[in-house]
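Colleague: I am new to this model. Please pick one part and take me through it closely, piece by piece.

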Amino acid sequence: MRIGIYGGTFNPIHNTHIEIAKAALNQFNLDKVYFLVAGTPPHKDTAENIDDICRVEMVKLAIKDMNNFILDDREIYRSGKSYSYITLSELKEEHPDDDIFFIMGSDSLLNFSNWVKPEVISKCANILVAPRLGDDIETLKEKINEYNSTFDGNFTFIDYSANGIASSVIRERFYSEEAVRKDMSPNVVNYILEHNLYNPCTYSYDDILRLSEEMKKALKPGRYVHTLGVATTAYSLALKWNYPAYTAMVAGMLHDCAKCISDDERLTICKENNIPISEIEYKYPHLLHGKVGAYFCGSKYKVYDSQIAHAITYHTTGCPNMNLLDKIIFVADYIEPGRNKQPRLDILRTTAYTDLDECVYMILEDSVTYLNENPDMVDPTTIETFNYYKEHKKEKR
Ligand SMILES: [Fe+2]
Ligand SMILES: [Fe+2]
């Protein structure tokens, strides 16, 4: 067998990666190509704090329908730094009778002599080099000749004309220039949006401490304890469902920030800021605490983040087609450790970590049952959301 190994951070994976792998597969008659997702890469600065699991999930989505492409995530789970020579030695041992072809970008080639144990790598594998847009091919050829003699290796070009985009450009422009999304699998684009990756709004533990102090001042003691419960539950749900955990914690911290003000104040803020008020909200202005809370995020607490504002707006009613953060906050608000009156909390708390959509549905089901006993309090959004998820559940079956 002829096995290709394509190592990279894939942060994120895009069409050029796929084209390079296809070109290598065809030109070198490879039987399959493993996409080896790098763990903590010694050569690259991964300042963009993307969870390793998210990079793995994106690779899975991008190669899902491609028979000859396989995910290899061993480096993600290895402790310490991930060095290619270790992985390639392992692969050689696993496939003693097969030919191994290590695919690398030209940037890696130029730096190859600085890698740890390059001689081991070139002994284990033939090296296939994919040029990048704007490369000086003559310099690359010189390097290839040099390494072929220094490392007694077999370095070759992949005949592929690079014209795609770099991952760094996608990370930088994903939200500002939608055109960059054209170079990616739509499934990967959706994953990035759903999981809020590469969003320039990021948070640190200092933000959590600052907002916690603010909430302590703005909320009654019981509401503050509930808020801490929601923030920590949101944090752990975010870890489980691969969402940026501090972002979820900030949303949890702020979700009830407009709870401890008067109804008149809530109505005035909405009127002054053109926030629409529904009939039921006029009747029960406390229902406005989501919308006003979302407004307070930026105006009072300097958190300018549309995903957080959206999750806070809908944290009590939910809304059709909620995104991942919406679901996390909606669920965290209902199951946080201080809650004890709702029915079947035990099962909800478990389901939140096994099937988030199912948990959302169960909470809506319970809310609708409860509201049916108090019909004039029913917010139509809750009913609309319940019906949406009921349909969604049927489709899933
Ligand atoms: Fe609330
Ligand atoms: Fe709450």
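**The sheet and its strand S2**

Modeller: Six strands form an open sheet in the order S3-S2-S1-S4-S5-S6, with parallel pairing. Two strands pair if DSSP finds at least two bridges between them. Strands (E, at least two residues) and helices (H or I, at least four) are DSSP runs, numbered from the N terminus.

A word on the basis. This is a predicted model, where local features need pLDDT of at least 70 and side-chain atom pairs count only at pLDDT 80 or more, while totals for chains, interfaces and linings use all residues. Residues are numbered from 1 along each chain as its sequence is written, chains are lettered from A and ligands numbered from 1 in the order in which they are written, and side-chain values use heavy atoms, with hydrogens and water left out.

S3 and strand S6 (155-157) are the edge strands, each pairing on one side only. From one strand to the next, the twist averages 30°. Such angles run from 0 to 180 degrees between N-to-C directions, and the axes are lines fitted to C-alpha atoms, for helices over the stretch in contact.

Now the neighbours of S2. On one side is strand S1 (residues 2-8), joined to S2 by six bridges. S1 and S2 run parallel. Gly4 stands opposite Val33 in S2. Ile5 has Tyr34 as its bridge partner in S2. The link between S1 and S2 is a β-α-β crossover through helix H1 (residues 15-27), and this crossover is right-handed. Right-handed means that, with the strands pointing away from the viewer, the path from the first strand over the helix to the second runs clockwise.

The next partner is strand S3 (residues 69-72). S2 and S3 pair in the parallel sense too, over four bridges. Here Val33 has Phe69 in S3 as its bridge partner. So what holds such strands side by side? Strands of a sheet pair through backbone hydrogen bonds, either parallel or antiparallel.

Next, the cover on S2. In S2, one side holds Lys32, Tyr34 and Leu36.

Elsewhere, helix H7 (residues 137-150) lies across strand S5 (126-130) and S6. H7 runs at about 155° to S6.

One last stop is Ser185. Ser185 sits in the loop between helix H8 (167-173) and helix H9 (186-194). Among residues beyond four places away in sequence, Ser185 touches Asn15 and Ala62. Is Ser185 buried or exposed? Ser185 counts as buried, because its relative accessibility is 17%.

Methods: Buried means under 20% relative accessible area, exposed over 50%, partly exposed in between (1.4 Å probe, protein chains only). Contact means heavy atoms within 4.5 Å.
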